[in-house]
Amino acid sequence: MLLAGQNLLIDKFQYHTSRPLASRVAGRSHLEGLRLKDMEGYLPHHLEISGSQENQRFSGVRDEAVLAIHQGSGGLLRKAHS
């Protein structure tokens, strides 16, 4: 069985009622957010997929916009889309 969830899932395993399930977890992994360099490639790619034209992207403030999105989302793709 594979369990996937946000950071709160690990916290919920600490509850007394969750201990039987938590004791059966054989491995855990944590995905890190994207680095700024990766976000710089990710955002234009997804804007292109959405039909955005090159001259519409970020209106000349591309570097600042990518940095703000990266900082605001912590590199997490789900938050970068919001």
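## Surface and burial

The accessible surface of this protein comes to about 6,800 Å², and carbon and sulfur atoms hold 54% of that area (Shrake-Rupley method with a 1.4 Å probe). Of the 82 residues, 20% are buried, meaning under 20% relative accessible area with a 1.4 Å probe and protein chains only.

A word on the basis of these values: this is a predicted model, where local features need pLDDT of at least 70, side-chain atom pairs count only at pLDDT 80 or more, and totals for chains, interfaces and linings use all residues. Residues are numbered from 1 along each chain as its sequence is written, and side-chain values use heavy atoms, with hydrogens and water left out.

## Helices and overall shape

You will find five helices and zero strands here; helices are DSSP runs of H or I with at least four residues, and strands are E runs of at least two. The protein is more spread out than a compact globule, because its radius of gyration is 18 Å, well over the 12 Å that the globule rule gives for 82 residues. That radius is taken over C-alpha atoms, and the rule is 2.2 Å times the number of residues to the power 0.38. Along the principal axes, the C-alpha atoms fill a box of roughly 55 × 20 × 20 Å.

## Two domains

The protein is divided into domain 1 (1-29) and domain 2 (34-77), with bounds from an automatic or database domain assignment. The C-alpha centres of domain 1 and domain 2 lie 33 Å apart.

Methods. Buried < 20%, exposed > 50% of the residue type's maximum accessible area, 1.4 Å probe, protein only.
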